[in-house]
Amino acid sequence: MDTPQPLYSAETVRELDRRVISALEIPSIALMKRAGRRAFAQLMRRWPDLHRLQVYCGGGNNGGDGYVVAALAAQKQIPVTAYACVPPEKLTGDALAAYEYAMREGVHVVGSLTELNAEDGDTVIVDALLGTGFTGELREPVGHAVERINRSVAPVLAVDLPSGLHADTGFGDRAVHADVTVTFIGRKPGLYCGRGPALCGEVVFEDLGAPPEVYRGLEPLARRYTGESVPRLAPRSADAYKNQFGHVLVVGGDTGFGGAALMAAESTARAGAGLISLATRPEHLPAALTRCPEVMVHPVISGQELEPLLELPDVIAVGPGLGRSPWSEQLLARAGRAEVPLVVDADALNILAGGRVLAGVRRDDWVLTPHVGEAARLIGWNTAEVLADPFSAVRAVQEKFSGVVVLKGAGTLIAHDGGVDLINSGNPGMASGGMGDLLTGIIAALIGQHMPLVDAVRLAVWLHGAAGDRAAADGQRGLLATDLLPWVRKLVD
């Protein structure tokens, strides 16, 4: 099993740059040229028949990388134009040295967007306007340059990260849409969460020959888990029996929302739980038995009727289709007092945010699975604030409620006492009803199979997304939550 990938903040990456220069005993311009060469190599790998290049260069080190790419293209006799977003006379340090290198190689440099030729099918654009130092909003003329890049028909390679994307948070309200992003020295969190997955295209990491010792003692902002690094369930022994693999109780399905609770229960079964019970409204009993007769369905009309069922399970999943009625609050209040691990989702989170039920409760043995809006309600933020800084948001939820918190998104974040993890599996086709209910069931099933809480969540989030990717092989539009169930079963082993 591979180790997870560390994701470093922009400030830490700047320290890494300094350490690499010191460790390799090279001038900083040499490291810049090395970055430019790696970016150019990726350019030629992706577009080997490149006939014309446009490089958009800012005034900092990112722009310097761009000038190096332009110089290398000129050396290869590729017609190249560099747009100087910052007048060359204002450049300093390595950016100035890189500009002079480009000029020596005969790069045509222009200072106005109107001087750029129109792109055609043989043109490729290199975005080297802004790097990890970008914060706030785009200023002109960078904003106009970003808009021109995004209007272009030409493919785009971004140097280090797409201009306008925040390296630490993935926020990018107005940013370049790249086809390939070549990033250096340390992976940045913003490449993999928030708007990052939509803006970066293929992400290629180049360590530029950094020796391992430069990373020692530097704490990453998060760690990224892939299919090669998530923990796995142990193989089952030949004499296994159902009681070894957990009894999961799913609580939910208010009037009109029975499907959510049933999907959660069925995903629990497909992820390997030994026994599954479902406590739901009486009217959902026939549909539940028809859809999945393996689930033991218990009709309940009050929290009092739920009480004896709480003695059965090893883990409880509460929230799918729960609603926000008095019935819903009664069931959450009772389930929340059970002395087994809990997975809390959907309207259970909204009730929790309201403060009337389980007020002030902190548990080390529960998993909260909010989307952005639910996370905002849990900590009293607005949705825009969560989107602008999801890492701070997920940590704030975890600090308030303890346990493990899963902030769902294109880059799902998992906060726990040991830090923050990030997992990228999944696709836009999964933006449909019921997907979160499946994740709740998978998490509960893995906890029931005796995985430590954090490991169960890591595997469940990856498994859920990977099943979605397999199910979307024939197309993302129209993908249903239940389409994932056969793949959940195949991938869980």
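Me: Why is arginine 174 called partly exposed?

Reply: Arginine 174 has a relative accessible area of 30%. Buried means under 20%, exposed over 50%, and partly exposed is what lies in between (1.4 Å probe, protein chains only), so arginine 174 at 30% lands in the middle class. Glutamate 140 goes into that class too, at 43%.

Me: Before we go on, what are we looking at?

Reply: It's a predicted model, so local features need pLDDT of at least 70 and side-chain atom pairs count only at pLDDT 80 or more, while totals for chains, interfaces and linings use all residues. Residues are numbered from 1 along each chain as its sequence is written, and side-chain values use heavy atoms, with hydrogens and water left out.

Me: What makes arginine 174 and glutamate 140 a salt bridge?

Reply: Their side chains meet at 3.2 Å, N to O. A salt bridge needs a side-chain nitrogen of Lys or Arg within 4 Å of a carboxyl oxygen of Asp or Glu, so this pair qualifies. The two are 34 residues apart: arginine 174 is in the loop between strand S6 (156-159) and strand S7 (180-184), glutamate 140 in the loop between strand S5 (123-128) and helix H5 (142-151). Those elements are DSSP runs numbered from the N terminus (helices H or I, at least four residues; strands E, at least two).

Me: How many salt bridges does the whole structure have?

Reply: The search finds 18. One of them joins aspartate 160 and lysine 188 at 2.7 Å, N to O. That pair spans 28 residues, from the loop between S6 and S7 to the loop between S7 and helix H6 (196-200). Aspartate 160 counts as buried at 10%, and lysine 188 does as well, at 0%. Elsewhere, salt bridges with shared partners put Glu15, Arg18 and Arg19 in one network. Within it, arginine 18 and glutamate 15 meet at 2.9 Å, N to O; being 3 residues apart in helix H1 (residues 10-24), they are separated by about one helical turn.

Me: Why is the pair of tyrosine 56 and tyrosine 83 called edge-to-face?

Reply: The ring centres are 5.7 Å apart and the planes sit at 70°. Rings of Phe, Tyr and Trp (its six-membered ring) pair if their centres lie within 6.5 Å; planes under 30 degrees apart are stacked, over 60 edge-to-face, the rest tilted. So 70° makes the pair edge-to-face. It ties strand S2 (residues 52-57) to strand S3 (residues 80-84), and both tyrosines are buried. The structure has 4 aromatic pairs. Another edge-to-face one is tyrosine 67 with tyrosine 99, at 5.4 Å and 75°.
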